[in-house]
Amino acid sequence: MSCFTQVIITPSIHDNPKSHHRKQAITLLQKCKNVNQITPIHSNIIKNGQQHDQFIVFELLRVCSKCDAIDYALKIFQQTQYPNVFLYTALIDGLVFSGLYSHGIRIYVEMIENFIFPDNFVISSVLKACGIGLDLRMGREVHTQAIKLGFCSNRSVGLKLMELYGKNREFEDMKRVFDEMPERDVVALTVMISSYLDHALVSRASNIFDMVKAKDTVCWTAMIDGLVRNGKMNKALEYFRQMQREAVRANEVTVVCVLSACAQLGALELGKWIHSYIENYDIKINHFVGSALINMYSRCGSIDEAERVFKTMKDREVSTYNSMIMGFALNGKSLNAVELFQRMIKEGTKPTNITFVGVLNACSHGGLVDFGFEIFQSMQIDHCIEPQIEHYGCIVDLLGRVGRVKEAYKFIQNMKVMPDYIIWGSFLNACKIHKKFELGEHAAEILLNHGYTDTGTYILVSNFYSSFRKYEEALLVRSKLKESDIEKEPGCSSIEVNNEIHEFFLGDIRHPQKKEIYEKLEEMEKRLRFEGYYPQLDVVSQDIMDHEKEQALAIHSERLAICYGLISTEPLSTIRIVKNLRVCSDCHTMIKLVSKITKRKIVMRDRNRFHHFDNGSCSCGDYW
């Protein structure tokens with residue numbers, strides 16, 4: 001039966017007497033770019049009485065899938081008389097491509113119930129649906145059918161079976177399928193690597209990867225992508241460098257993965273090198289690559305470069321606009337973000353949820369209240385998008401930033417969704433800054449008593465009480481933190497120097513230049529005192545003496561990273577720091593003074609947002 005399948009999968013349309021009209025219809029269909037071009041051709045096919053010609057129906061179904069018109073494909077299929085296995089395959093392929101995995105599986109079951117025997121192509125397609133849709137039970141049934149029909153020796157079926165078991169954490173079954181495959185090549189090994197990485201089993205994936213002798217671009221990319229997805233950014237960059245040493249050419253997927261790692265690490269110099277690589281090897285800067293470049297430059301604090309990439313792009317989609325709007329918002333270019341949003345709407349690009357998160361964030365960072373409310377209201381009225389928790393959070397942050405704290409509280413009370421800890425935390429911070437104790441205490445109680453108690457929440461509440469000199473309450477909150485089993489995430493700051501990422505933790509003494517770093521730290525401490533700096537001791541959570549608190553503040557990770565930047569980069573050059581946590585108010589004050597003393601711009605990305613320090617001031621306006 002498999003031989004028969006291979007004969008009819010690529011039939012010659014020239015053997016049919018009606019081949020001329022058929023060829024003409026198929027040629028027209030293959031040129032279609034969207035569903036609006038399909039419908040008149042389909043009407044003409046019906047007029048010519050070709051609607052039951054299975055060659056033409058097959059092409060119609062394929063083109064509908066390609067043009068994201070799967071609903072139209074379903075209508076065509078429902079009107080088809082006696083569909084064969086190829087038409088079922090085309091429809092199932094389209095449903096899987098459209099993400100309708102369970103629907104694709106149902107169509108396959110319908111095919112079997114109609115006594116139409118599957119071939120290896122439709123088996124591969126439905127196994128893909130079972131794998132991505134995590135339908136292990138149905139996948140095992142299809143595997144049994146494949147064994148009975150003798151398809152398991154088919155390479156495509158074997159690979160899809162591996163993916164099915166890998167995605168469902170059935171690694172023994174995955175390995176068994178691999179061992180039974182006639183061709184255990186780099187593609188099959190790549191499937192295994194990806195499966196382990198999908199479940200954060202990095203060491204297992206690395207072991208398999210090291211065993212692969214002839215690694216191709218896809219194999220390297222799968223490993224790099226998996227490391228990025230599992231937060232192993234430095235390791236991903238190491239693998240990329242090794243890939244270059246072995247002269248394996250990167251493709252657009254590879255560079256997008258590496259750019260993502262650069263963005264998260266703040267590795268601007270390496271990101272620039274990747275940009276040059278893209279240009280040198282003629283990798284097309286489509287919306288996929290372009291958005292990654294914009295995101296990298298934005299998250300490395302180089303917003304002018306991000307905008308330059310955006311302006312040179314010809315292939316722009318909503319994701320491109322989203323990346324640029326988010327970039328403007330992150331870097332304090334609030335009006336630029338709003339203007340780009342308005343231009344995007346004017347040009348007819350339909351915004352998404354993400355677009356509104358970006359532009360509302362920009363309004364919040366810039367204190368643009370009128371713009372913020374106007375855009376928020378337009379979500380439902382003009383664009384039929386229901387606001388989500390993130391959009392409400394932006395408005396609360398915006399009102400808090402400009403001191404309209406009571407209005408922010410009323411807004412929270414009238415929200416259509418339950419406020420989360422981010423919204424209450426933002427509101428509490430506004431109460432702290434604008435001295436609204438009663439409202440802030442109410443928010444603090446909600447945060448502590450409604451399951452929002454992570455480390456950051458405890459510290460935020462404690463700092464709130466300390467700012468009102470309620471030291472007893474602050475100590476009580478900190479004692480609760482000590483009693484809890486919550487592990488505090490250690491603060492880590494990183495800086496890129498000469499294409500290498502240097503990481504620092506609190507009081508870090510691991511760096512080869514630790515002596516020079518701490519000498520510079522001591523020197524800066526003296527110069528800061530001369531400028532009138534005095535440590536904010538209430539920031540320190542430990543119950544220790546004041547002089548010990550001063551010492552603890554002096555060795556925060558961002559200070560060590562900045563001092564390393566001062567001794568290892570050119571005078572007057574910009575220092576770029578990435579921190580995994582929110583920068584504390586004491587370090588924020590200190591860095592402003594360092595930028596003034598050293599005449600250096602210091603760009604810091606913390607957990608909340610970007611801070612561009614320049615000549616004693618910060619782009620956040622001391623609200624973050």
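What follows is a short chat about why some features of this predicted model get the labels they do.

Author: The model is predicted, so local features need pLDDT of at least 70 and side-chain atom pairs count only at pLDDT 80 or more, while totals for chains, interfaces and linings use all residues. Residues are numbered from 1 along each chain as its sequence is written, and side-chain values use heavy atoms, leaving out hydrogens and water.

Reader: Why is the pair of phenylalanine 171 and tyrosine 196 called tilted?

Author: Rings of Phe, Tyr and Trp (its six-membered ring) pair if their centres lie within 6.5 Å; planes under 30 degrees apart are stacked, over 60 edge-to-face, the rest tilted. Here the centres are 4.9 Å apart and the planes make 40 degrees, so the label is tilted.

Reader: How do you know whether phenylalanine 171 and tyrosine 196 are buried or exposed?

Author: Buried means under 20% relative accessible area, exposed over 50%, partly exposed in between (1.4 Å probe, protein chains only). Phenylalanine 171 has 11% and tyrosine 196 has 8%, so both are buried.

Reader: What makes lysine 215 count as sitting over the ring of phenylalanine 209?

Author: The rule wants NZ of Lys or CZ of Arg within 6 Å of the ring centre and within 35 degrees of the ring normal. For lysine 215 the distance is 4.9 Å. Arginine 316 likewise sits over the ring of phenylalanine 310, at 4.2 Å from its centre.

Reader: Which other rings link up around Trp273?

Author: Ring pairs join Phe240, Trp273, Tyr277 and Tyr281 into a cluster. The whole structure holds 24 aromatic pairs.
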